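Hi,

Here is the structure I promised you. Have a look, then read my notes below.

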Amino acid sequence: MDYEALGLKAGIEIHQQLDTEEKLFCRCPTLLRETDEHTGSFFRYLRATESELGEIDRAAQEEMKLARLFCYLTYDTTCLVEYDEEPPAPLNREALAVCLTIAKMFGMTPIEQVHTMRKLVIDGSNTSGFQRTACVAVNGILPDNCRIETICLEEEAAQRVEGDTFSLDRLGIPLVEITTAPCMHTPEDVQAVAEYIGMVLRSTGRVKRGLGTIRQDINVSIRDGARVEIKGVQDLDLVAEVVRREVRRQTELLSIREELRRRNAAVDGEAADVTDLFAKTKSTILKKAPQILAVRLRGFAGLVGLEIQPERRLGSEMADYAKKCGVGGIFHTDELPAYGVTEDEVRRLRVRTGADEGDCIVLVAATRERAACAAEQVRLRAGMALEGVPEETRKMLEGGSTAYMRPLPGAARMYPETDVFPVTIDGALFESIETPDLLTDRAERFARELGLDPALARQVAFSERLPLFERALREGVRPTLAARTLLGTLRELARDGVDVNRIPDDEVVLLLQAVEAGRAGKEAIPDVLAELAASGSRVDAAIEKVAPSVTPEAIQAIIRQALAEREAFVRERGMAALGPLMGVVMKEVRGRADGKVISDLLKQELARFLAEG
Amino acid sequence: MAVIKLDTGYNIGVSRSAVEWCERPSPPAAALPVVRQDADLPELAILSTGGTIASRVDYRTGAVTSQFSASDILRAIPGLAGIARYRTRQIAGILSENMTPALWQDLARSIYEEIRKGVSGIIVTHGTDTMAYSAAAVSFMVRTPVPIVFVGAQRSADRPSSDNAMNALCSASAAAGDLGEVAVVMHATMSDDRCAIHRATRVRKMHTSRRDAFRSIGMDPIGSVEYPSLNVSLADEAVRRGAEEAALLDRINDRCGLLSFAPGMPPSVLDAFSGYSGLVLAGTGLGHVRAEWIPALSDLIEDGTTVVMTSQCLYGRVCDRVYDTGRDLLDIGVIEGEDMLPEVALVKLMWVLGHEDDPERIRYLIQTDIRGEIRRRST
């Protein structure tokens with residue numbers, strides 16, 4: 001696809017959790033918990049409220065179509081602030097400092113006085129019904145003439161466990177939201193910018209790592225299309241694909257619009273009650289529904305079932321809108337007869353609604369109230385198809401296609417958080433913030449100064465274990481040993497099911513020092529680490545258990561025995577027996593001494609043995 | 001600092017010197033839906049005094065203040081229309097820490113007028129900080145055949161999670177129900193599952209911020225309202241509708257104080273109450289103040305101040321007959337306040353002194369249960 005010709009404009013919002021001691025507006029730790037560790041629960045209803053300007057946000061209103069009961073899980077690491085039972089504590093200064101550091105790294109201008117706002121979010125993910133957020137700095141620089149518009153400091157939302165149940169451990173963890181200008185013009189641009197921003201964020205060493213700690217929202221529009229915000233892209237590798245699929249969706253929707261206009265299509269007439277037509281249907285969904293309503297879409301035949309994205313049709317879009325009323329989905333004649341609905345039923349449906357072959361009929365089945373609401377939503381979305389692409393907030397589905405969530409929110413969803421005082425940012429303080437080196441610069445330095453292989457150097461620099469690596473070096477461990485252990489050995493052990501996260505950093509460093517001092521062999525590192533993870537013991541005890549060190553005298557004895565047992569072989573091969581013998585001795589010593597020490601001793605002993613011969 | 005609202009909705013603070021005024025667009029007038037009332041439903045009167053149940057952001061100060069009229073409450077909580085029809089009346093628009101005994105009187109008189117006009121129940125919206133004082137005051141000042149329900153919100157009405165709507169709905173259901181006394185109706189738990197109905201003279205705000213801050217002290221709540229069904233259940237002990245005739249006993253003597261004793265507090269503190277008609281002491285334990293206070297207290301009583309002893313423990317009954325200091329306090333004429341909450345004792349003392357000046361009559365009334373404020377038995 002020629003994205004430039006299509007007029008692709010894309011921007012991203014990156015949400016990155018910060019690794020602070022405490023949450024943004026309370027003194028709880030920023031600790032994620034297992035849901036079965038929860039200590040209590042409570043439940044609430046949320047209601048849309050007016051902004052300070054007296055408006056109700058359209059996105060919030062959409063969520064309010066259903067009065068929903070939300071359940072929240074509490075932990076011994078959460079408090080009344082997360083439960084919305086206590087006013088927030090002042091803005092966390094540590095989080096603000098990290099945010100300002102990031103802002104400075106992007107060359108941004110800090111806001112003189114930071115005001116915390118409430119962003120209305122009533123999907124249940126915030127107990128209060130709003131997310132606290134503050135704009136901290138503006139106007140940042142990105143490579144390739146791209147630009148960051150704002151950086152905001154926000155509180156993380158609660159994690160959905162399932163349905164309308166949320167876990168409160170995540171709620172309130174500080175995160176930065178970085179919003180770029182719509183300055184990207186190809187899917188690959190978007191991915192590259194996302195990767196770059198992620199790298200800069202990790203360069204601070206103050207951000208959380210791992211799955212779910214960074215999320216991308218992507219804004220996409222094409223010429224004649226509309227701005228669509230796609231939420232929650234967690235996998236960086238999917239960024240470009242999500243953009244490609246959205247461009248395709250908008251292109252398809254535009255061609256559907258052209259076809260509909262050519263056909264003089266229209267959404268007219270009221271929804272018709274067709275419940276009686278399905279009194280004896282084999283479709284279980286229709287049979288048990290208290291009411292079935294039919295919406296006739298004039299001139300829509302064949303287009304509702306048209307694929308606009310992998311696994312997505314115009315019909316899926318209508319279904320998403322209808323689901324806001326609490327229905328499970330819709331049926332439409334582009335896919336009927338099927339699902340237990342017979343050809344005869346479809347024929348009678350057409351007669352009843354006065355639809356001809358050029359029309360598509362959409363069915364919604366639910367309680368009276370929900371069916372009426374859903375039929376209205378279907379008509380609304382069908383009407384939008386005549387206009388082209390609606391402005392929407394969408395969520396990513398597996399694979400990179402997307403589903404409708406709610407209309408794009410307006411400014412009406414923001415109002416001041418009056419319980420938090422504004423924070424004035426001192427210009428001198430901002431000047432004095434020291435910015436860390438970029439990870440890319442650090443990788444180059446490791447290759448140049450430490451002699452690491454460039455690929456390994458980059459791995460080290462981008463690794464979560466970078467701080468541990470730097471510490472090991474400071475404490476006298478050779479770079480290659482540190483890098484191989486932290487990136488190779490630990491990763492392999494983790495792959496084999498060893499819980500390496502249980503090993504304290506201190507013990508890892510002590511182990512590497514023991515190896516450097518010759519108290520343990522390099523070969524014993526995996527076994528000792530596994531022992532540390534399993535038993536939680538100290539390094540010395542683990543070495544003693546897994547690989548008790550052997551004295552040079554003991555090694556000498558092992559070597560002499562090996563030589564004696566293989567006398568004929570050794571005499572025949574001479575010094576060339578060194579290689580095979582090394583294998584035998586190493587197996588015997590099993591990592592309880594360093595390979596180099598063994599090799600030196602073996603060489604000596606072999607020479608002497610041959611000389612004595 | 002000037003506060004600027006960006007297109008994104010964010011506010012930022014900028015130095016005034018960096019800002020140039022162009023024009024100030026007047027905020028768009030919000031279209032107000034008409035409040036519809038069902039003529040077949042019982043009529044309730046909503047008396048508004050202000051408070052969190054009806055507060056919103058004040059753009060000038062950025063703080064949350066009360067500025068809704070009672071009719072705004074109806075508009076904000078449409079569900080109320082299904083329970084009753086309403087007359088609304090604004091008594092005050094204040095935060096409840098600014099409440100005064102004079103306003104209690106205004107409130108009591110307005111409530112009495114509404115009862116005389118024949119409403120089926122009264123709802124008083126009130127800030128939570130001093131709600132218990134006002135509810136107790138109304139309890140003493142108004143004899144009522146219909147429910148008088150005080151309600152508020154702990155979490156501001158401008159947040160989607162506010163408890164205002166549920167509390168208001170539960171209070172309306174209670175006010176339309178079979179109750180016949182003054183009560184406080186607020187969240188019973190941290191969840192949106194039910195409200196408790198508390199007797200006005202036994203209720204206390206026991207938490208600064210939680211929704212279930214209001215607790216009945218020394219007794220169970222007199223009922224509850226389930227949510228969202230709004231079913232009301234009343235305990236046997238709750239006074240039922242029509243049990244008494246309407247009457248207004250609205251005299252108050254506000255020259256009364258409440259003093260919480262602390263270790264080492266000098267007797268000179270009592271000088272501040274010289275000339276007062278009454279003083280409630282919140283003493284330690286069974287009802288004590290330091291022995292050094294005895295002469296000064298004695299002087300105060302000699303000069304005509306009625307002194308009533310209550311306990312900082314809140315739970316339990318005062319008994320000044322156990323230890324020496326207690327016996328000395330009784331000797332100089334301190335009245336044991338039984339198991340009354342200190343705040344309720346203060347309100348009662350003001351009311352009693354507003355109606356009586358015979359010391360023996362005063363002592364008798366203070367120690368007699370009038371509106372459920374004293375439990376004859378500690379259970």
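**Domains and how they touch**

Chain A is assigned four domains: domain 1 (3-234), domain 2 (263-389), domain 3 (439-546) and domain 4 (552-612). Such bounds come from an automatic or database domain assignment. This is a predicted model: local features need pLDDT of at least 70, side-chain atom pairs count only at pLDDT 80 or more, and totals for chains, interfaces and linings use all residues. Residues are numbered from 1 along each chain as its sequence is written, chains are lettered from A and ligands numbered from 1 in the order written, and side-chain values use heavy atoms, without hydrogens and water.

Take domains 3 and 4 of chain A. Their C-alpha centres lie 29 Å apart. They bury about 460 Å² between them, with 45% from carbon and sulfur atoms. (Buried area is the accessible area, 1.4 Å probe, that two parts lose on being put together, summed over both.) On the domain 3 side, A:Gly521, A:Glu523 and A:Val546 lose the most area, together 60% of what that side buries. The salt bridge count here is 0. (A salt bridge is a side-chain nitrogen of Lys or Arg within 4 Å of a carboxyl oxygen of Asp or Glu.)

Now chain B. Its domains are domain 1 (37-248) and domain 2 (256-366). Their C-alpha centres are 31 Å apart. Together they bury about 1,300 Å², 73% of it on carbon and sulfur atoms. In domain 1, B:Tyr133, B:Phe140 and B:Arg204 lose the most area to domain 2, together 44% of that side's buried area. The interface has 2 salt bridges. B:Arg202 forms a salt bridge with B:Asp339, with the closest N and O atoms 3.5 Å apart.

Best wishes
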